[in-house]
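Here is a quick tour for anyone meeting this structure for the first time. Have a look at it before reading on.

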Amino acid sequence: MPKELESSSHESPDDSASTAQALELLCHLDNGAHSNVACVTWEPMGDGKKVISLADNHLLLWDLQESSSQAVLASSAALEGKGQLKFTSGRWSPHHNCTQVATASDTTLRGWDTRSMSQIYCIENAHGQLVRDLDFNPNKQYYLASCGDDCKVKFWDTRNVTEPVKTLEEHSHWVWSVRYNHSHDQLVLTGSSDSRVILSNMVSISSEPFGHLVDDDDISDTEEHRADEKSKEPLQDNVIATYEEHEDSVYAVDWSSADPWLFASLSYDGRLVINRVPRALKYHILL
């Protein structure tokens, strides 16, 4: 990004006053023989020098050189088996010193160790049909969510992959996207080609089954009074809200990196919708 944009405030510029800025091309990931790139993902922690791309049936680990003007292929792995195997999605785990990557291909989920590029777990038939997306729980190192064309969202413990820990069946068509909230991992967003975005409260498998404790400085007198009145009890898994502002397939959902209560969804017709977690639930979690 241009330097002046990086240092400027986070306020949205006035569209009429701002001029389009050209982005500087740093380097190409030269896939060579691989034509179909399904996914590119940065190393979650670190200096931003490592990138993984999934191309056809190859998992490619790239090392961006100091100048960032060249990407060198550090190592790679390939899917092996019958038929034309292709990756559809992948996520780099923020846990285990960023040495694990999870990938989806057809109905199978696989875990890979980026140091040896070897497979560490495999969940065959994770979904009844194609797996579309996956995401790691940011606070529980072995927990992984997946979604697919069987209209389901499944939650896995990668130490025991025989059965999902939990399954959601709220959508009526393919589920294209699933995302954990970065701060409060009980909040899970899903987007589907049933044109709906669903916000679920998966508190039973979260890192905060009794809610979140905050510093006294973070809450006002009114909120403090409400907290005293309410007894602490485990929250129940449930659908918090269903958003139907889209009129077409929702292909992507994501949480804001700046505000934990803000999220966006994008549908096929180009509509971008920004929503907030309902205030009542926010206080329930915080207090």
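Which residue in β8 is the bridge partner of Asp113? That would be Ser118.

## Ground rules

This is a predicted model, where local features need pLDDT of at least 70, side-chain atom pairs count only at pLDDT 80 or more, and totals for chains, interfaces and linings use all residues. Residues are numbered from 1 along each chain as its sequence is written, and side-chain values use heavy atoms, with hydrogens and water left out.

Strands here are DSSP runs of E, at least two residues, numbered from the N terminus.

Strands pair if DSSP finds at least two bridges between them. β7 runs antiparallel to β6 (residues 100-105), joined by 6 bridges, and Val101 stands opposite Trp112. β7 also pairs with β8 (residues 118-123) in the antiparallel sense, over 5 bridges. The β7 and β8 hairpin has 4 residues between the strands, and Met117 in that turn has a positive phi of about 55°.

## Aromatic rings

Rings of Phe, Tyr and Trp (its six-membered ring) pair if their centres lie within 6.5 Å; planes under 30 degrees apart are stacked, over 60 edge-to-face and the rest tilted. The count comes to 7 aromatic pairs. Trp174 and Trp176 have ring centres 6.3 Å apart and planes at 45°, so this pair is tilted.
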